[in-house]
Amino acid sequence: LDRRVQARTAQLTEANQSLARAKGAAEAAHRQLRSVVVPVAWQRFVVTMVVIAIAVALRRWPLHSLGARLCWLTFYPAVVIAAFYGGFAAGLLGTLLSCLAALFVLPVLVGQPFLRDSADYLGMGVFAATCAMISAVVHVMHRVRARASKANDQLEASNRELETEVSRRREVELEIRRLNEKLERGVTELAAANRELESFSYSVAHDLRAPLRSIDGFSQALIEDHAETLDSDAKKYLSFVRESAQQMARLIDDLLALSRVTRGDFHRDRVDLSTLAREAITRLRNSQPERRVDVVIQEGLAGAGDPRLLRVVLDNLLGNAWKFTGKRADARIELGAIPKDGGPVYFVRDNGAGFDMTFANKLFGVFQRLHAASEFEGTGVGLATVQRIVNRHQGRVWGEGQVDRGATFYFTLFAEERAA
C-alpha cells in the first residue's frame with residue numbers, strides 16, 4: 001500500500017510539473033502573440049495587402065488561362081473588399097498595390113508582360129480611376145451609414161427622453177387632476193358651509209326683529225301711557241332703550257339686505273347706470289328737500305350686470321356721498337367713468353368728509369366705520385354690500401380719499417372678460 005501511495009504521489013507531482021510547464025509555454029506564446037498583434041488602426045491595411053496577395057496568387061493559379069488582358073478582373077473584387085473593410089484609404093492602397101503587382105510581380109510569375117502597349121496602360125488608368133471612384137463611393141456609404149447610425153442612436157435617445165417626459169407629464173397631470181378634485185371638493189364643502197352660515201344668519205336676523213319691535217313698542221307705550229308717573233330720568237332711559245332698539249333693527253335690516261345680495265338669483269343684462277343714479281338722487285332729494293347739492297351724472301353710462309344689484313350699489317355709494325357731504329355748503333357729487341385696460345372704470349366722487357388712507361383696508365369690512373356715529377349715522381354695512389355685489393359681477397371696488405377733502409370710490413364690472 002505504501003508503494004502504491006508513493007507511486008501515485010510521484011505521478012501527481014509529475015502531472016503538476018507538466019501543467020506548470022504548459023502554463024508557462026502558453027503565457028510565453030500569449031506574450032509573443034501580443035507583441036506581433038497588429039494595432040487596430042493598421043489592421044485594415046494589413047487586410048488590404050492580404051487580399052491583394054490572394055488576388056495575385058489567383059492570377060498565378062488557376063486563372064492563368066485568362067491571359068494578360070484580363071488581369072484586372074481579379075483585382076477589382078480585391079479592391080472592393082479592401083474598400084468595404086477599411087474605407088477610402090484601404091481602397092486607394094489596394095488600387096496602388098494592384099497596379100504595382102501588374103507592373104512588376106505578375107510578369108515574373110506568369111512569364112509574360114502584362115502592359116505591352118498604350119491600350120494596356122489605358123486599361124490600367126481606367127482600373128485606377130474606377131477603383132478610386134469605388135473607394136470614394138464606399139467611403140461616402142460608410143459616412144452615411146455612420147451618420148445614420150448616429151442619428152438613429154440620437155433618435156432612440158430622444159425617444160427615451162420623450163417617453164420619460166411623457167411619463168413624467170402624465171404623472172403631473174394625474175397629480176393635478178387629484179389636486180383639482182380635492183380643490184373642487186373643498187370648494188363644494190366651503191360653498192355648502194357658506195350657504196348654511198348665510199341661512200343661519202338670515203334666520204337669526206329675521207327672528208330678532210320681533211323682539212326688537214316689542215322692545216321699541218312697549219317702551220313707546222310706557223312713555224305715552226305713564227308719562228305723568230315717570231320722572232325725566234326714566235323718560236330719558238326709555239328714550240335710550242328705543243334708540244338702541246331702532247339702531248339694532250337697522251343693523252338687522254342691513255344684514256338681511258347683505259344676505260339677500262348673495263342668496264338671490266343673478267340676471268345679467270344691459271343696465272343704464274345713468275338712469276339708476278338719477279333715480280337714487282331723486283330719492284335722496286325727496287328725503288332731504290332742504291339740502292342743496294350739486295350733482296353731476298355722466299350721460300350714457302351703461303354696464304353689464306344684474307339691474308337689481310347694481311341699483312343697490314349706486315344707492316349705497318351715492319347715499320354715502322350724500323351723507324358725508326352733509327356738512328358742506330357747496331356739496332358736490334359726481335358719477336362718471338374713465339377708460340382703463342380696455343374698459344370703463346366707474347366712480348362716485350364727493351367733496352365731503354373724506355377719510356384717512358391709512359385705514360383704507362377697513363373700508364369694506366362689515367360694521368367697520370371710519371367716522372363716529374355721533375358725526376354721521378349708519379351701520380357700517382353699506383360698503384360691504386357694495387363689495388359683495390361687485391364681486392358677484394367679477395369686478396373690483398376700491399376707494400381713495402383725504403380727510404376733509406372728499407373721497408372717490410371706483411368699481412369695475414366683469415374685469416376678466418374685459419381683459420380677455
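In Trp322, the backbone oxygen sits 2.6 Å from a polar atom of the Arg291 side chain. That makes it a polar contact (a pair of N or O atoms within 3.5 Å; within protein, one must be able to donate a hydrogen and the other to accept it, and residues adjacent in sequence count only if both atoms are side-chain atoms). Before you go on: this is a predicted model, where local features need pLDDT of at least 70, side-chain atom pairs count only at pLDDT 80 or more, and totals for chains, interfaces and linings use all residues. Residues are numbered from 1 along each chain as its sequence is written, and side-chain values use heavy atoms, with hydrogens and water left out.

**Exercise 1. Find out where Arg291 lies and which residues it is in contact with.**

Step 1: Look in the loop between helix 7 and strand 2; Arg291 is there. Helices (H or I, at least four residues) and strands (E, at least two) are DSSP runs, numbered from the N terminus.

Step 2: Arg291 is buried but has no salt bridge, and the nearest side chain of opposite charge, Glu290, is 6.5 Å away. Here, buried means under 20% relative accessible area, exposed over 50%, and partly exposed in between (1.4 Å probe, protein chains only). A salt bridge needs a side-chain nitrogen of Lys or Arg within 4 Å of a carboxyl oxygen of Asp or Glu. As for charge, Lys and Arg count as positive and Asp and Glu as negative, while His and the chain ends are not counted.

Step 3: List the contacts (heavy atoms within 4.5 Å). Skipping neighbours within four places in sequence, Arg291 touches Trp322, Thr325, Gly326 and Ala331.

**Exercise 2. Describe the largest nonpolar core.**

Step 1: A nonpolar core is a set of buried Ala, Val, Leu, Ile, Met, Phe, Trp, Tyr and Cys residues joined through side-chain atoms within 4.5 Å. The largest one has 39 residues, and those with the most contacts inside it include Leu273, Leu314, Ile333 and Phe411.

Step 2: Among the elements giving two or more residues to this core are helix 7 (273-287), helix 8 (307-324) and strand 7 (406-411). Helix 8 provides the largest share, 8 residues.

Step 3: Zoom in on Phe411. Leaving aside neighbours within four places in sequence, its contacts include Val313, Leu314, Leu317 and Val345.

Step 4: Apart from this core lies another, of 16 residues, including Val51, Val56, Phe127 and Cys131.
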